[in-house]
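Please consult the sequence and structure below alongside the text.

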Amino acid sequence: MRILLAEDDRQLNHTLTYQLETAGFHVDSCLDGEDALYYGEQNIYDVILLDRMLPSMEGTDILTSLRKKSITAPIILITALGSLSDKVMGLDLGADDYLVKPFAFEELLARIRCVTRRPHVLTDTDTLTIADVTWQPSECLLSGPSGICTLSKREAALLETFLRSQGQTLPRQTLLLKVWGPDSDVEEGNLDNYIHFLRRRLQMIGSRLQIKTIRGIGYSLQEK
């Protein structure tokens, strides 16, 4: 699961990033509002943790802008402003939850679990079955008619992106953002390599699913 953390307190940002990554999340973090808006607009996050008071652009303005652009990722506002009116305004603007500082990390984890219970979000404990394959994220196990194989973390992230969007054409840039993140300088050839790896995995387990190349656009996971 990929999380965007927008928090301008450097120490808190560093601490939360470390704790979230230790808990198994992939985290992209930033310190100001303009970066938070840019990252959020990429629409690659399962959860956005958004400080309300950010340099260059307030969290509520970022929230409003993302919702106007149909970014539906769950957003948790994190702020020192804890009055009832502040909470009501944040929720009315489209936030999914509102967490007041200071807070225990265990509570943040509970809030993340709560807002990711939506059907379209795949969490690390889900087992997903599509066509003739079953994917177990917690163990990185992919099984099909002819057997089982273990995927690397990068292969797993790419596979989950395809499984969530079966039948859709995914542009190359979207796949690069989803799997490698907005700050990566990965070369596009790496994507082709991992597509090749996944195709071999699907053949190895005897699946009828295949990753088709959509010339000039990207790739699509389809049944034969």
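## Helix packing and overall form

H6 and H8 are roughly perpendicular to each other, a term that covers angles of 65 to 115 degrees. The model is predicted, so that local features need pLDDT of at least 70 and side-chain atom pairs count only at pLDDT 80 or more, while totals for chains, interfaces and linings use all residues. Residues are numbered from 1 along each chain as its sequence is written, and side-chain values use heavy atoms, with hydrogens and water left out.

The axes of H6 and H8 (residues 188–204) come within 10 Å and cross at roughly 80 degrees; axes are lines fitted to C-alpha atoms, for helices over the stretch in contact, with angles from 0 to 180 degrees between N-to-C directions. On the H6 side, Arg 154, Glu 155, Leu 158, Leu 159 and Phe 162 meet residues of H8 including Leu 191, Tyr 194 and Phe 197, where contact means heavy atoms within 4.5 Å. By class, this contact has eight nonpolar, no polar and three charged residues. Ala, Val, Leu, Ile, Met, Phe, Trp, Tyr, Cys and Pro count as nonpolar, Asp, Glu, Lys and Arg as charged, and the others, Gly among them, as polar.

The protein has eight helices and twelve strands, which are DSSP runs (helices H or I, at least four residues; strands E, at least two) numbered from the N terminus. The C-alpha trace spans about 55 × 35 × 30 Å along its principal axes.

## The largest pocket

The volume of the largest pocket is about 1000 Å³. A pocket is an open set of points on a 1 Å grid over the protein atoms alone, where a 1.4 Å probe fits, with protein on both sides within 12 Å along at least five of seven lines; lining residues have an atom within 4 Å of a point. The volume is the space filled by probe spheres set on the points, which are joined across faces, edges and corners. Of its 38 lining residues, Met 1, Arg 2, Asp 46, Glu 160 and Arg 164 are the closest to the centre. H6 gives the most to the lining, with seven residues.

| Class | Residues lining the largest pocket |
|---|---|
| Nonpolar | 16 residues |
| Polar | twelve residues |

## Backbone features

The peptide bond from Lys 101 to Pro 102 is cis, with omega near -10 degrees. Pro 102 lies in the loop between S5 (97–100) and H5 (105–115). Asn 43, although not a glycine, has a positive phi of about 55 degrees. The loop that holds Asn 43 runs between H2 (33–41) and S3 (47–51).

Terms used:
Parallel < 35°, antiparallel > 145°, perpendicular 65-115°, else oblique.
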